[in-house]
Amino acid sequence: MAGTQKITWWVLLLAGGTLWLINWWAARPLFLDEANVVRNLYDLGFIDFFLRPLMHEQYAPPLYLTVAKACGEVFGYGERALRLPAMLGGIMGTYGLWLAARQLRLGWWALLPVALLFVNPTVLRFVGEVKPYATDLGVAALLIAAALRPGKKNLFLWGVAGVIAVWASLPAVFTLAAVGLANLLCTRDRAKSVSSVKTILTAERWKWVLTGLWWALSFALLYFLLLRPSLNNDYLHDYHLRWMIPLPQPDYPWARLFAILESLPKLAFGFTLLAILFGTATAVVGFTGVTRHQKILFAVPLAVVLLSSAFGYYSLMSRLLFFTLPAWWLLAALGSKHIYAWFRPHSYWPYLFVGAWVVVLGGTNVRRHYLTPMTFSDSRRLSTGIEPGYRVLPHTSALPAYDYYQRIHPGGDNEKTAPKVAYLKHQAPPGRFVGLYDVLTAEGYRERMEQDSIWATERGCKVRIEAMHHAARVYYDCE
């Protein structure tokens, strides 16, 4: 790496790493799903993560949960400690992209995948949340980088790495399928120089078959122990249905299909039309210029996950597709390298091309989060600072965060028993109550708060609402 390129690389790392650290250090309040994951971390033992599904309609890979719980046990169950595994996943992703870019000999364009990583607002969010999606990205990037290394593969190490990957990242199975298939189908290309080709091919291919079977057995164990009960959960299935590719039907929902497919490059490159079209075009150009081995490695994970979604086995919600991002970004960098080379004889076209990427990278507008870190919930304010003398009635939307901040968080009261959902209509007046309502962007939760307030007013209670951004405390004086 040349001196100027090395300096630019370190400046990029410093800028992106600082942005991540600022948002991690801000320790934004946990939102509903995060709090539910933490309740599992706190209430379950390490061995439970490997033997039973999670409670509170959550699912996450056992090794991720193990690391997260270890951070909580060592550093306390505060926001920063619990989000360390997600930050580690982001670091793994950065390192994996750098390694893969070196294998692809991208030159200066090796900076592009890492830049896309740092300016991505969705990635910025999830490298600072108690969810495993950043780990999905990191594991996929490392697997791709390892698969791109030239020369004969150590199949024992691949067997071990694959087993670890499956239990550390649920969608790692899609990337492993691509790794196994690419090596199985493209062994001939790498064995042409061997004198006894037929013997070597047979032996090497059989080794990859056995390695793939080992991975499949590991995933099957994970599936039957942990995933199958979650897949049979009606709530989770109905919730994710809108992100499943619709199968052929008389009145086909083309708009829904288009929205789902559009979300794939939108997640990778940004929300503007320029970002979607420009990023997709460069990735397509990059795909046309790679080897057959690399085509399989980059395309199969996305193809398999689309097929799985069509049969109702995998949701295409953006956060669940983080493992596809390294392939998008590396292909875009490869395509950009080729396009830039085509433009080189012309005086101004290369500058316009680089300028277009600068516009795309700047269009995500993450720079504002250097000064105003991301936040998505009022749960800390909602769950603490409640006026004394009122009985707390946490709604379903507020219970997870209230439980976390009152029972689990180092600054809470550390009650020994978890609180339960309580409704105003079930309380016997007179009395003084405070209802906690969160995620009021959801229509059903907002309607519940309004109905409780109307019911209390009709029965002569004084109602006082303490409104927040996405939450509210409602004090009911029914004396």
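1. Start with the cysteine pair: Cys461 and Cys478 are both buried (buried is under 20% relative accessible area, exposed is over 50%, and partly exposed is in between, using a 1.4 Å probe and protein chains only). They form a disulfide with their sulfur atoms 2.1 Å apart, where the term stands for a pair of cysteine sulfur atoms within 2.5 Å. The structure holds 1 disulfide. Cys461 sits in the loop between α22 and β3 (462–467), and Cys478 is in strand β4 (residues 472–478), so the pair links distant parts of the chain, 17 residues apart. Here helices (H or I, at least four residues) and strands (E, at least two) are DSSP runs, numbered from the N terminus.

2. What is the handedness of the link between Cys461 and Cys478? It is right-handed, with 115 degrees about the S-S bond.

3. Before going further, bear in mind that this is a predicted model: local features need pLDDT of at least 70 and side-chain atom pairs count only at pLDDT 80 or more, while totals for chains, interfaces and linings use all residues. Side-chain values use heavy atoms, with hydrogens and water left out, and residues are numbered from 1 along each chain as its sequence is written.

4. Two other cysteines are worth a glance. Cys71 counts as buried at 11% relative accessibility, and Cys186 counts as buried too, at 1%.

5. On to charges: how many salt bridges are there? The count comes to 15, taking a salt bridge as a side-chain nitrogen of Lys or Arg within 4 Å of a carboxyl oxygen of Asp or Glu.

6. One of them joins Glu73 to Lys69, with the closest N and O atoms 3.6 Å apart. Both residues lie in helix α4 (residues 62–75), 4 residues apart, or about one turn of the helix. Glu73 is partly exposed, at 49% relative accessible area, whereas Lys69 is buried, at 6%.

7. Glu458 forms a salt bridge with Arg459, the closest N and O atoms being 3.7 Å apart. Glu458 is exposed at 61% relative accessible area, and Arg459 is partly exposed at 48%.

8. Finally, take a look at Arg39, Asp43, Asp403 and Arg407, which are linked in a network of salt bridges.
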